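Let's take a walk through a protein together. Have the sequence and the 3D view ready, and we'll go step by step.

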Amino acid sequence: DFCLSRGLGDVYKRQLTRFGWTVLAFALFIGSVMLLGFLLSSILLLMAMLILTGYWRHKVVAAIVAVALPLVLYLFFSSALNTRFPVGSLFKAIGI
């Protein structure tokens, strides 16, 4: 019984740690949108989520998903629904 409860404690501790990293990643996403823009911030957030879930072991697939999914959604919402997303002050400063 002691081993079982100790094992569950490790699982809960690992889950709380991942949850903390997830909250931090989302807070950084919110903060970075105004600096980096929505698209780049979304790509970085998705990469962070893939790393936290352990899916990053499949690096090529994860990198393709992390870049392609936000890009496709960005293009869809920009063109089909005419949604405007923040560009980011960093890109405005360099003229992109």
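Which helices each supply at least two residues of the lining of the largest pocket? They are α1 (2–36) and α2 (38–53). Before we go on, a word on the ground rules: this is a predicted model, where local features need pLDDT of at least 70, side-chain atom pairs count only at pLDDT 80 or more, and totals for chains, interfaces and linings use all residues. Residues are numbered from 1 along each chain as its sequence is written, and side-chain values use heavy atoms, with hydrogens and water left out.

Now the overall layout. The protein chain has 4 helices and 0 strands, and along the sequence the pattern reads α-α-α-α. (Helices, H or I with at least four residues, and strands, E with at least two, are DSSP runs numbered from the N terminus.) Of the 96 residues, 19% count as buried; buried means under 20% relative accessible area, exposed means over 50%, and partly exposed is in between, using a 1.4 Å probe and protein chains only. Among contacts (heavy atoms within 4.5 Å) with a separation of 6 or more, 52% come from residues 24 or more positions apart.

Back to that pocket. A pocket is an open set of points on a 1 Å grid over the protein atoms alone, where a 1.4 Å probe fits, with protein on both sides within 12 Å along at least five of seven lines; lining residues have an atom within 4 Å of a point. (Ala, Val, Leu, Ile, Met, Phe, Trp, Tyr, Cys and Pro count as nonpolar, Asp, Glu, Lys and Arg as charged, and the others, Gly among them, as polar.) Among the lining residues are W21, F29, S32 and S41.

Take S32, which sits in α1. With a relative accessible area of 15%, S32 is buried. A polar atom of its side chain lies 3.1 Å from the backbone oxygen of F29. Not counting residues up to four places away in sequence, S32 touches G37 and S41.

Next, hop over to α2. This helix has 16 residues and reaches 22 Å from first C-alpha to last, close to the 22 Å expected at 1.5 Å a residue; the expected span is 1.5 Å times one less than the number of residues. Its buried residues include S41, S42 and L45. S42 is buried because its relative accessible area is 12%, and its side chain reaches the backbone oxygen of F38 at 2.8 Å. Leaving aside neighbours within four places in sequence, S42 is in contact with F29 and P70. L39, also found in α2, counts as partly exposed because its relative accessibility is 24%. Just after α2, G54 takes a positive phi of about 85 degrees.

Finally, look at α3, residues 59–79. Its 21 residues should span 30 Å, and the end C-alpha atoms are 30 Å apart, so the two values agree. A62, A66 and P70 are buried here, and what covers the buried residues of α3 includes α2.

Notes:
A polar contact is a pair of N or O atoms within 3.5 Å; within protein, one must be able to donate a hydrogen and the other to accept it, and residues adjacent in sequence count only if both atoms are side-chain atoms.
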